[in-house]
Amino acid sequence: MDDLAEQADVSVEILEWLSLNLPASAGKLYGQRIFRKRHGGIREVFEPKPPFDAVSKNLHRSFTSLFSYEVPGHVHGFVRGRSTISNASQHLAKKCVLRMDLEDFFPSIDAATVKGLLQEQGYEGKAVDLAVNLVTIGGKLPIGLSTSPLFSNLVFLGTDHLLAEYARSEGLSFTRYVDDLTFSGDVTDRHAADIARILDGAGWSVNTRKTAFMRRGGPQYVTGLYVGESDKPRIPRKVKREMRWILHVISRFGYERYMAEFGGEDKGMHRRRLLGWACYIAAVEPDVGYPLLRAFEQLVPEGDEEDQYDLP
């Protein structure tokens, strides 16, 4: 108990209070946002509030340093030094790219599974129950807590090894970005069926509506980036066109008119979001992104900070 409290950087009493009150504290200790998925269904994102947010971040840092987890080379989501760019870079100019998505990845990991992981790491007694209550909500691993990515990677580790070994045996490149699985090379329907069987045998469900074969000569996208060329991933043309159009409108008519008359307000394209998009484009294609970034910084007034950075 004392060790867990030290890891969370709060007293044992606060940990016990949070553990007791979290189940019925929606709106007080955390917020909830519901998003409709493009291919059907909803995604529930939890946003921890003080003091729960600080506890969650402290536990994440402590667990990351204490847990014996060696990140596989093919895992790119929520890993320091890796990103959507490093993920997409493994699939450049391939004959075929297969994208498969896991159904309800985080929420499919229940509290019992998390408890088992914590016990493997040496947590026991009341400490393990408190820890489980602090990293799960409603008996499931939630999207939005700082601790969730680490636990999802730990739970998926065995499946990661199975998929990586299968890809090597078939001469395919394989990466995983959270719940987004990508295989590339001479990929066939047989490979997709084999991969689905591996996932099903390990207890995971494939979102078949998002399974896609992307062949050379047609659109090939991995974690939102175009991978059809051999030198590097690229920002999709439609994103670059839209950003240039926005810049044109703002430079000609002004930011306020863009927001009011050209759809900026409806799309939530506030200053931070525009700068976030431009920063991301600059990270992928500097020659395109940096001019956009400089222009938006000059043309869009400071203080318009209603939205979060949101990548295209």
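## Getting started

Helices here are DSSP runs of at least four residues, numbered from the N terminus. With that in hand, welcome to this predicted model. After H5 comes Gly 122, a residue with a positive phi, near 100°.

Which residues of H5 are buried? They are Ala 111, Val 114, Leu 117 and Leu 118. Looking down the axis of H5, you will find these buried residues within an arc of 120°, so they line one face of the helix. Ala 112 and Glu 120 sit on the other side of H5, and both are exposed.

What do the buried residues of H5 pack against? Their partners are helix H3 (52–66), H6 and helix H7 (148–170). The contacts with H6 and H7 are described next.

On the H5 side, the contact is made by Ala 111, Val 114, Lys 115, Leu 118 and Gln 119; on the H6 side, by Val 128, Asp 129, Ala 131, Val 132 and Val 135. Sorted by class, the contact of H5 with H6 holds 7 nonpolar, 1 polar and 2 charged residues.

## H5 against H7

H5 also packs with H7, at an angle of about 85° and with the axes 11 Å apart. Angles of 65 to 115 degrees count as roughly perpendicular, so H5 is roughly perpendicular to H7.

Here Thr 113, Val 114, Leu 117 and Leu 118 of H5 meet Phe 151, Leu 154 and Val 155 of H7. The contact of H5 with H7 comprises 6 nonpolar residues, 1 polar residue and no charged ones.

## A stop at Leu 22

Let us now visit a loop. Leu 22 lies in the one between helix H2 (12–21) and strand E1 (30–36). Is Leu 22 buried or exposed? The cut-off for buried is under 20% relative accessible area, and Leu 22 counts as buried because its relative accessibility is 3%.

Leaving aside residues up to four places away in sequence, Leu 22 touches Leu 29, Tyr 30, Phe 52, Asn 133 and Leu 134. Cys 96 is 74 residues from Leu 22 in sequence, and their C-alpha atoms are 46 Å apart in space.

Terms used: Residues numbered from 1 in each chain as written. Predicted model: local features only at pLDDT ≥ 70, side-chain atom pairs only at ≥ 80, totals over all residues. Heavy atoms only, no water. Contact = heavy atoms within 4.5 Å. Helix = DSSP H or I, 4+ residues; strand = E, 2+ residues; numbered from the N terminus. Nonpolar A, V, L, I, M, F, W, Y, C, P; charged D, E, K, R; others polar. Buried < 20%, exposed > 50% of the residue type's maximum accessible area, 1.4 Å probe, protein only. Arc of directions from axis to C-beta. Axes fitted to C-alpha atoms, helices over the stretch in contact; angles between N-to-C directions. Parallel < 35°, antiparallel > 145°, perpendicular 65-115°, else oblique.
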